[in-house]
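Keep the viewer open as you read.

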Amino acid sequence: MIDAPMSRHGPSRSDHDAPAGVAALPFVGRDGDLQALAAALDRAIAGEGQVVLLAGEPGIGKTRTAEQLAAIARARSVRVLRGQCHEWEGAPPFWPWTDALGPWLESLDGETLRQIVGANAAQLAHVLPGLVEQPTEAAPDAEARLFGVLAATSAAIRQAARQQPLLIVLDDVQWADTPTLQLLRFLAHDCRETPLLLLATYRSDEVARPHPANALLADVARAPTCHRLVLRGLPKPQIARFMALVAGRPQSAALVDRVMEETAGNPFFVTEVVRLLLDEDGAGEGRPAFRPPSVPETVRDAISRRLDRLTSFCRHVLALAAVIGREFDLDVLAPSFGLSVGDVLAATDEATRAHLLDPAEAPTVFRFSHALVQDTLYLDLPGSERAAHHLAIGELLAARARGREPRWELLAHHFAHARPLGDPERLVDCATRAGHAAMARFAWEAATTQYVRALAALDACDDVDLGRRGHLLLSLGEARNRAGSGSGDVPDARSLLKEAFTLARALHDPEGMARAAVAFVGVNIVGAFGGFEQDQLLEEALAALGPEDRPLRVRVLGRLAVNLINRSCGTSARGRALADEAVAVAERLADPDQLAFAQWSRLTAHAGPADFSQRVRDAARLIEHAEKTGDPLLRMWGCLSEQHHCLEVGNLAGAGRAMATIDQIEAYSHIPYITQRAAAFHGMVDLLLGDYASAEAWMNRARELWRSAAPYQHQCQRFLLLRDLGRLDEFTEDIHVPNELHLWRHAAQAHRMALALARGQETAARADFDALLQDDRILQPMSQTWHSVVTRLTEAAVAFHDREAADRLSQAMSPYADRLAPDGSLVLCHGPIALYLGQLAMEQARWDEAERQFDAALAVSMGLGLRPFIARSLLAKAVWRARRQQPGDRRQARALAQQAQTAAAAIGMHGLDASCRALLATVAPQDERFGLTAREREVLQLLVDGLTDASIAERLSLSPRTINSHLTSIYGKLDVSSRVAAARVAVAHDLV
């Protein structure tokens, strides 16, 4: 490794107290904040891992507060490790963790180090390069590799904390790269039973704006171990005390008011203003207070005016150091600019006495007291001087790296800022290598920066190598895809990848074409955001690759297969054939990564009810291969498919086991997309079981995690939940229906139709109904969204009394009468298919078939505990009785509707209540006009049931004479003269 300004020399930071410059400043007014931090430290020492996000504006005292906590920790025998994030874009991935852990682990003896590292050396090499040997084996896909690194580093940190409690401080995480934040998030969820406190400081004004750290910090903040502490400006009494301590004497109330007004109580700003006024007033003259001040308009002005008081040579040295970074090494600074080390040391001593520099751990390493000091010096340099200084530093670092692997990102940083003085060819090489290194270490944003830099430099070269440009475009497109929101919809990446594809085609580069085509599809495993153009690119790449077995051929075949399946409602014969071919090629290559991917593509191609057996086999194979590769996304998809087919056959125990595995994958991977899918599936199961409160909580969590602007997959779940709860007035939006690129477009349209029916918008609902049924593919059971479409169409066919549609739907669904109706794409389960077949049979006046199906639906629902569908089945059977109108049906319809109403009320399913009440109103008893008393109705009921007078008397505990009296009254009111005639009138008029 080359000597670099961020290099660490000597013992770990944990072995030192706070830097002298920091310790010299007064610490005022943070008692409550320190108490909260100390309490978190105590919980961590007790084995309850803690994470604290310490936020505040620049200069508010985050670093000082962290140092105070570190002092408390050391006093309690806690090892303290510190890592610093850097604003400049050349910092390597995981640098703050490397900064914190590396020097300490290097100081351990071999046996202790082996205990901490364990079998994870290869993965830890990404975070601690140089400590362990870099892996040489073929690496799996990026997501699996990243998970391996996160899990291994987390395990090592937790193991170290078990040997001695740890406080790890990460400063300025608003500048952290994505892998650094991903590891922080991983540990936040993984440290619950570990004596570890993670303290991350960040500038709240930075991440309040759109910022890459926002989403990851939000995920960290949601961890049960995490607390957020925001530092505010000091109040006026504490500012007065602070100023007195800085100046060495009390200050006037007028000055305190003015400084308070200018600084809003920010301690660093107060310090700079007071020191400036102290310098300008003449500190050594012994006056008790400042004369009326000339307070600078900005803190940067204050810093500039303080810098002006230094010797010209000292300021010159500091300006050169500012080009290196917030922290710099004299071994780099002096030789880069031809200065003697002795002269530079004299300048740093002067700056340290002026509180502008703090010494670091190594004797030759210094750090600017605040980033604003470095910024002021750097920005005051003319642009030409800055470029020349960057070039000199880059040249020195490159010369020192000869024979060793350079820090490419560092060289790229300096050579990029040296333009136009430097050699563009060298910048292209350094930036490209830095980009590749960042991709290998999962730093997508950093890789994007380097590839953009390399492309700009390449365009400045005299002769542009088109092949090199194509590879850079491809690399940049892949990096932007990876850095996207997770939805896979990254138009900028597609534009770059299309240009890369065009160049590869012109250069007759099949591998380049294939790589660009596969990347054009995006990182989303089922995405179709590239439109039909992505099919064209995949087709052309497939032809260019030829029949030879190679990994890229598996990827092209699998992606193309999924696209064709998605756009054909699962009916594309060619899509299925391509998926089968992808599996065959992967098997011949014996490559677990390609086998897992190919198995996923075939699973997608056979996702409908008609391919149930094939789907079960494919899911098992996908899980097997994904476990070998360690790819959590593919494992998740295999488990979701397993849960889907378990639900389909009513195996709730099997579905529960699959869901438990998904929860385990989510717990160790912390991939937001997996967390979102897991939450959605929990919501689906709870909705199926009628646990509405839990279902709503899970669905809200899934909606919160959904990062894509479209399609709104969560809408259908929410619609069905609110419909059950009788709260559809809360569903104010319309259900979004994506275009023909998306597999779930018809299912979304079917739910839009159901929403229109619920709102009484019959014309709109009928339009969707007719449009769906015009596509013959809709009723072919080849897609995983098929159940959503046919169940919603069934409800509409019944509402519209459309017997022709009912007949078509009945024929399509009958082969699956004994199954449930899950939808793995929209994450829904619509209950027993028998319920919908019963409704269709009732619409066709096939009364006996309707009864059989309703009885089957009720039995399945009761056996599995599907409480909403118990209520629905009871109500459906009540409607059947009311519509059939056979003797006794009205009475049975009333009883069934009342049971449905009771079952729905028990779980809060208020959306069914209106339907129950409406039905009860139509089948209400009609005996009021005959004037029968309650007792006479009881006697008449038993008469209709065939009991004799004596039996009626015995049943009601009345005398035969009383029964005879009641019968005489009943005959008179009904205008009949016999038992048979009375029974006939009772049944005809639904009196019992």
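This is a predicted model: local features need pLDDT of at least 70, side-chain atom pairs count only at pLDDT 80 or more; totals for chains, interfaces and linings use all residues.

Residues are numbered from 1 along each chain as its sequence is written, and side-chain values use heavy atoms, with hydrogens and water left out.

Helices and strands here are DSSP runs numbered from the N terminus (helices are H or I with at least four residues, strands are E with at least two). A pocket is found on a 1 Å grid over the protein atoms alone, as an open set of points with protein on both sides within 12 Å along at least five of seven lines; a cavity is a set of points where a 1.4 Å probe fits but cannot get out, and lining residues have an atom within 4 Å of a point. Grid points are joined across faces, edges and corners, and a volume is the space filled by probe spheres set on the points.

With that in hand, the second largest pocket holds about 1000 Å³ of space. Its lining comes to 30 residues, and Glu795, Gln839, Leu875, Leu912 and Ser915 lie nearest its centre. Two or more lining residues come from each of α35 (714–725), α36 (745–758), α38, α40 (833–843), α42 (867–884) and α44 (913–922). By class, the lining of this pocket divides into 19 nonpolar, five polar and six charged residues. In this scheme Ala, Val, Leu, Ile, Met, Phe, Trp, Tyr, Cys and Pro count as nonpolar, Asp, Glu, Lys and Arg as charged, and the others, Gly among them, as polar.

Helices α29 (592–605), α31 (632–648) and α33 (672–689) each supply at least two residues of the lining, and α31 gives the most, with four. Seven of the lining residues are nonpolar, five polar and two charged.

Next, look at the aromatic rings. Rings of Phe, Tyr and Trp (its six-membered ring) pair if their centres lie within 6.5 Å; planes under 30 degrees apart count as stacked, over 60 as edge-to-face and the rest as tilted. The count by this rule is six aromatic pairs. In one of them, Phe328 and Phe366 have ring centres 6.1 Å apart and planes at 20 degrees, so they are stacked. Phe328 belongs to strand β6 (residues 327–329) and Phe366 to strand β8 (residues 365–368), so this pair ties together parts that are 38 residues apart in sequence. Is Phe328 buried or exposed? With a relative accessibility of 0%, Phe328 counts as buried, and Phe366, at 6%, counts as buried too. The cut-offs are under 20% relative accessible area for buried, over 50% for exposed and in between for partly exposed (1.4 Å probe, protein chains only).

A second pair to find is Trp786 and Tyr816, which is edge-to-face because the planes stand at 75 degrees, with centres 5.6 Å apart. Trp786 lies in α38 (residues 786–799), while Tyr816 sits in the loop between α39 (803–813) and β9 (820–823), so the pair links parts 30 residues apart in sequence. Both Trp786 and Tyr816 are buried.

Finally, turn to some loops. Asn739 lies between α35 and α36 and is partly exposed at 38% relative accessibility. Phe442, in the loop between α21 (424–440) and α22 (444–459), is buried at 0%. Between α38 and α39 you will find His801, whose phi is positive, near 50 degrees, in a residue other than glycine. His801 is exposed, with a relative accessible area of 52%.
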